[in-house]
Amino acid sequence: MIALIRYTFAIALHTQRYLAPVLLFMGLMGVLTVSGSGPLPPAYASSAGALFICSTWLTVALMSLDDAAQRAIMVVTAGRSLKVLLAAIGTTLLSSLALMAVGLFLPLWLGSYDVRPVDLLLGTEAQLTCALTGIAIGVLCSRPVFRRQGYALAAALALLMFAVFTKNLPPVNQLFRLMATSTNSGELVAPAGRMLAVAAGVLVASTALTHCIAARKD
């Protein structure tokens, strides 16, 4: 598995497929968190939203690195198609964790906030929730499921909009609503933890569904 993740990282760096989603994330962070002040939950909701979009795009990009012939070679080499899928997800998750550090500390550098440990905990939960949900959407909209990239893009946009704007839908919409209506991070840690658990379950379900679809097509 480690070798597959290293291979995926190497191909992503060589092809520079990561560049567009990362630049989008940095641009959103600069626009949404510059010169902020006051309570941190709204700022961390903005950084989590940026990571949500970026992780979706990054997942689709990393899972579309190989064409059908290259993917077949990787599956034969790895022994199981599930290993190849998990390696791509692991690569995206590690990349999202690096971006999550930026989302945690860049607002503190650009703005003026009173920071407490509970604020950082809430920010970590919020960004990890959005990263896992974004990866889940990206997995479902990747090349193993959609052979045509136009269909994949339309599906990804539809799922992103559905997750963000469907009222009280866990985990993303409900998390954003909680962080928009309360400025006390201590009160939000437990609900955000539940949303994180939901996001992890969504990713597991998305991975299983994608594996089934890809196995039928392969």
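Which residues does Met179 touch, not counting residues up to four places away in sequence? I looked this up first, taking a contact as heavy atoms within 4.5 Å. Met179 touches Pro41, Pro42, Tyr44, Ala45, Leu122, Ala126 and Leu188.

**Ground rules.** I'm working from a predicted model, where local features need pLDDT of at least 70, side-chain atom pairs count only at pLDDT 80 or more, and totals for chains, interfaces and linings use all residues. Residues are numbered from 1 along each chain as its sequence is written, and side-chain values use heavy atoms, with hydrogens and water left out.

**Overall build.** I found nine helices and two strands in the protein chain; these are DSSP runs numbered from the N terminus, helices being H or I of at least four residues and strands E of at least two. The order from the N terminus is α-α-β-α-α-α-β-α-α-α-α. Along the principal axes, the C-alpha atoms fill a box of roughly 55 × 35 × 30 Å. Of the 218 residues, 46% are buried, meaning under 20% relative accessible area with a 1.4 Å probe, protein chains only (exposed is over 50%, partly exposed in between).

**Cores.** I then went to the largest nonpolar core, which has 25 residues. Such a core is a set of buried Ala, Val, Leu, Ile, Met, Phe, Trp, Tyr and Cys residues joined through side-chain atoms within 4.5 Å. Met179 is among those with the most contacts inside this core, as are Phe52 and Cys130. Helices H3 (41–62), H6 (117–140), H7 (149–165), H8 (172–181) and H9 (185–217) each supply at least two residues of this core. H3 gives the most, with six residues. I also noted a second, separate core of 10 residues, including Met63 and Ile135.

**Ser142.** I found Ser142 in the loop between H6 and H7. At 0% relative accessibility, Ser142 counts as buried. Leaving out residues up to four places away in sequence, Ser142 touches Met63 and Thr210.

**Cysteines.** How many disulfides does a search of the whole structure find? I got zero, with a disulfide taken as a pair of cysteine sulfur atoms within 2.5 Å. For Cys54, the nearest cysteine sulfur is that of Cys130, 12 Å away. Cys54 is buried, with a relative accessible area of 0%, and Cys130 is buried with 0% as well.

**Helix H5.** I checked the length of H5 (residues 81–110): its 30 residues should span 44 Å, and its end C-alpha atoms are 44 Å apart, which agrees. The expected span is 1.5 Å times one less than the number of residues. H5 has a kink of about 25 degrees at Leu104, shortly before the proline Pro107. That bend is the angle between axes fitted to the seven residues ending there and the seven starting there.
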